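Here are some friendly notes to read alongside the model. Keep the viewer open and look up each residue as you go.

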Amino acid sequence: MNAAKPFDEMHAADGTIRTHYQPYSDWLGRTPRELIARKRKEADLAFHRVGITFNVYGADGGKERLIPFDLLPRVIPGDEWRALEAGLRQRVRALNAFLADIYHDREILRAGRIPADQVLNNAQFRPEMQGVHVPGGLYAMIAGIDLVRAAGADGKGEYYVLEDNLRVPSGVSYLLENRKMMMRLFPDLFSRYDVQPVEHYPDLLLETLRAVAPAGVLDPTAVLLTPGAFNSAYFEHSFLAQQMGVELVEGQDLFVKDDTVFMRTTQGPRRVDVIYRRLDDDFLDPEVFRPDSMLGVPGLMSAYRAGRVTLANAVGTGVADDKSIYPYVPEMVRFYLGEEPVLNNVPTWMLREPDDLAYTLAHLPELVVKEVHGAGGYGMLVGPAATKAEIEEFRQRILAAPEKYIAQPTLALSTCPTFVDAGIAPRHIDLRPFVLSGGREIRMVPGGLTRVALKAGSLVVNSSQGGGTKDTWVVG
């Protein structure tokens with residue numbers, strides 16, 4: 001793993017253009033920068049009109065922002081995508097098997113392949129799910145797997161899984177809207193490629209939700225449960241509900257009677273069979289989790305445990321995407337599937353281990369340190385970009401509670417040409433494919449959401465930290 005020089009998605013080591021970027025490079029060479037700048041303003045106006053914004057909490061006081069959209073797409077050759085697809089399917093199968101196991105027989109814990117206390121004492125482990133049977137044994141029907149690419153010793157780019165998102169993975173609305181925008185703004189560039197379609201994602205999502213309905217329900221009713229308009233991802237909630245043709249509901253729109261969930265409608269109560277929930281476990285049912293939650297549905301867990309409603313994703317999936325469990329996912333692949341992992345993890349030090357802690361403290365300026373429960377780019381230290389004061393402050397936080405942190409090498413994420421104020425320049429990117437598990441099939445649309453760190457030299461791609469997004473083209 002070479003952290004010194006990032007893998008360039010467009011240019012080979014000798015400076016030549018990679019084959020799958022050649023039509024794009026030709027087009028870029030003939031397109032005036034003023035035209036691209038004009039198109040970017042057009043895109044910003046269109047996104048504002050549609051309402052594609054997100055809320056940033058904290059310092060900005062909940063201010064709505066537009067996620068910056070970069071007009072220069074990321075291109076992935078079809079054979080490269082097929083290899084990724086195989087690795088993603090394998091990983092999600094193993095994660096679902098792990099979740100089914102720890103809430104039932106706990107074979108992997110009894111075999112000593114993962115320390116039992118790491119799982120059973122994890123804040124995301126839900127004892128309420130012990131022995132609960134979920135349709136098809138599927139817990140994570142919708143997964144967002146974050147991939148990064150680094151240069152290998154042979155100069156080729158190697159993909160690594162940076163993070164598994166299994167609770168309420170978000171961002172797919174930007175994937176879909178970015179594609180619509182690119183087709184509208186640059187039809188001439190599109191015509192140079194055989195770009196694989198992504199617009200059928202809402203259909204696949206609805207099929208996935210219907211496939212995991214409770215047993216015996218022939219024509220299931222699905223809804224999307226949102227925390228409400230003040231949630232940072234509310235645009236996505238309303239967008240996906242509209243695209244799937246299902247009702248967008250809040251907790252107050254639902255009630256439970258005789259262990260059955262009903263939706264209030266103008267024609268009277270209507271039974272609900274599948275809930276695509278976009279709020280965290282803690283807020284789902286005030287009778288079981290947080291009693292002060294006004295967002296959930298009293299009695300929902302009772303209906304769920306009785307098998308009268310399906311929640312997607314299942315309650316308790318967070319234990320499998322916790323950063324303290326992440327290092328064990330390759331072992332899950334071997335244990336449950338009897339296979340070697342197709343996709344590698346980023347090497348990870350677990351600071352609960354004394355040797356790992358000692359190494360990390362000695363190399364803090366070189367490493368990335370993350371809170372095991374952190375998300376969105378918060379609660380992390382990027383050693384090479386931090387000041388001495390920041391490093392020392394983080395050192396004290398680690399010493400106070402080492403079990404709350406993991407450390408990883410500072411990967412030089414691959415770069416892709418990006419249109420910034422100074423012109424076209426390389427910026428670091430990652431990729432979040434969305435993997436759907438329903439029934440016997442695991443499906444996904446080609447590509448995913450490419451996130452880009454718009455600040456020069458930055459490795460943090462999260463929108464909350466100033467990152468943007470690109471359209472991702474998987475080409476034939």
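1. A nonpolar core is a set of buried Ala, Val, Leu, Ile, Met, Phe, Trp, Tyr and Cys residues joined through side-chain atoms within 4.5 Å. Buried stands for under 20% relative accessible area, exposed for over 50%, and partly exposed for anything in between, using a 1.4 Å probe and protein chains only. In soluble globular proteins, nonpolar side chains tend to be buried together.

2. Before using these terms, a word on where the numbers come from. This is a predicted model, in which local features need pLDDT of at least 70, side-chain atom pairs count only at pLDDT 80 or more, and totals for chains, interfaces and linings use all residues. Residues are numbered from 1 along each chain as its sequence is written, and side-chain values use heavy atoms, with hydrogens and water left out.

3. How far can you trust the model? The score pLDDT is the predictor's confidence in each residue, from 0 to 100. The chain has a mean pLDDT of 92, with 95% of its residues at 70 or more. Residues 57–61 have a pLDDT below 50, and this stretch makes 6 contacts in the model beyond near neighbours in sequence; a contact means heavy atoms within 4.5 Å. Where pLDDT is low, the predicted coordinates should not be read in detail.

4. Now to the largest nonpolar core, which has 70 residues; Phe98 and Ile275 touch the most other members. Helix H3 gives the most to this core, with 9 residues. Helices (H or I, at least four residues) and strands (E, at least two) are DSSP runs, numbered from the N terminus. Leaving aside residues up to four places away in sequence, Ile275 touches several residues, including Val223, Leu254, Leu300 and Leu311. Another core, of 59 residues, lies apart from it, with Phe186, Leu204, Ala222 and Val445 among its members.

5. At what angle do H3 and H12 pack? Helix H12 covers residues 329–337, and H3 packs against it at about 80 degrees, with the axes 9 Å apart. Axes are lines fitted to C-alpha atoms, for helices over the stretch in contact, and angles run from 0 to 180 degrees between N-to-C directions. H3 and H12 are therefore roughly perpendicular, the word for 65 to 115 degrees; under 35 is roughly parallel, over 145 roughly antiparallel, and the rest oblique. Among the residues that meet here are Phe98 and Asp101 in H3 and Met332 and Tyr336 in H12.

6. Next, the aromatic rings. Rings of Phe, Tyr and Trp (its six-membered ring) pair if their centres lie within 6.5 Å; planes under 30 degrees apart count as stacked, over 60 as edge-to-face and the rest as tilted. This rule gives 13 aromatic pairs. Tyr103 and Phe125 are stacked, 5.0 Å centre to centre with 10 degrees between the planes. Phe190 and Trp473 are tilted, at 4.6 Å and 50 degrees. Phe190 in helix H7 and Trp473 in strand S23 are 283 residues apart, so this pair links distant parts of the chain.7. Finally, look at the backbone. Asp258 has a positive phi of about 55 degrees although it is not a glycine, and it is found in the loop between strand S8 (254–257) and strand S9 (260–263). Asp258 counts as exposed because its relative accessibility is 67%. Asp259 also has a positive phi of about 55 degrees without being a glycine, but at 31% relative accessibility Asp259 counts as partly exposed. Elsewhere, the peptide bond from Ala312 to Asn313 is cis, with omega near -5 degrees.
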